[in-house]
Amino acid sequence: VYGSPILKEEHIKLIMNKYSLSPREMIFIGDSMTDIKAAEKMDIKFILRIHDHNKELSLEYNADIIADFIDLRNTKIL
């Protein structure tokens, strides 16, 4: 788990460098618009985790959505 004040894109770069990963080898699971934007900027596959506080965002997002990690089994990317 990485947090503020460092930007999410910087955290992604740190992870990519530390583990020698390319964007194609990563999946970003998040629950906010800033998570979506960071994944898009870094060209990483994104899965939105919905919950009571972001249901409106899930109405706008048109890709993989999960309610919990068990739902990952039902995504088309795994």
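## A strand residue at the surface

Let's start with Ile-29, which lies in strand β1, spanning residues 27-30. Keep in mind as you explore that this is a predicted model. Is Ile-29 buried, partly exposed or exposed? Its relative accessibility is 31%, so Ile-29 counts as partly exposed.

## The nonpolar core

Now look inside. The largest nonpolar core has 14 residues, and those that touch the most other members are Ile-12, Met-26, Phe-28, Ile-44 and Phe-46. Two or more core residues come from each of these elements: helix α1 (8-19), helix α2 (33-41) and strand β2 (45-49).

Leaving aside residues up to four places away in sequence, Ile-44 touches Ile-12, Pro-23, Met-26, Ile-27, Phe-28 and Ala-39.

## Salt bridges

How many salt bridges does a search of the whole structure find? The search finds five. In one of them, Lys-8 pairs with Asp-35, and their closest N and O atoms are 2.3 Å apart. This pair links distant parts of the chain, since Lys-8 sits in helix α1 and Asp-35 in helix α2, 27 residues apart. Lys-8 is partly exposed, because its relative accessible area is 29%, while Asp-35, at 7% relative accessibility, counts as buried.

Lys-13 and Glu-10 form a salt bridge with closest N and O atoms 3.4 Å apart, and both lie in helix α1, three residues or about one turn of the helix apart. Both partners are partly exposed: Lys-13 has a relative accessible area of 38% and Glu-10 one of 36%.

Lys-55 and Asp-52 also meet through their side chains in a salt bridge, at 3.8 Å from N to O. Here Lys-55 is partly exposed at 48% relative accessibility, whereas Asp-52 is exposed at 64%.

## A buried charge without a partner

Glu-9 is another residue of helix α1. Glu-9 is buried but has no salt bridge. Which side chain of opposite charge is nearest to Glu-9? That is Lys-41, 4.3 Å away. Glu-9 does touch Lys-41, along with Ala-38 and Met-42, when residues up to four places away in sequence are not counted.

## A loop residue

Finally, find Ala-63 in the loop between α3 (55-60) and β3 (65-66). Ala-63 is partly exposed, since its relative accessible area is 40%. The C-alpha atoms of Ala-63 and Lys-45 are 9.8 Å apart, and these residues are separated by 18 residues along the chain.

Methods. Residues numbered from 1 in each chain as written. Predicted model: local features only at pLDDT ≥ 70, side-chain atom pairs only at ≥ 80, totals over all residues. Heavy atoms only, no water. Core = buried A, V, L, I, M, F, W, Y, C linked by side-chain atoms within 4.5 Å. Buried < 20%, exposed > 50% of the residue type's maximum accessible area, 1.4 Å probe, protein only. Helix = DSSP H or I, 4+ residues; strand = E, 2+ residues; numbered from the N terminus. Contact = heavy atoms within 4.5 Å. Lys, Arg positive; Asp, Glu negative; His and termini not counted. Salt bridge = Lys/Arg side-chain N within 4 Å of Asp/Glu carboxyl O.
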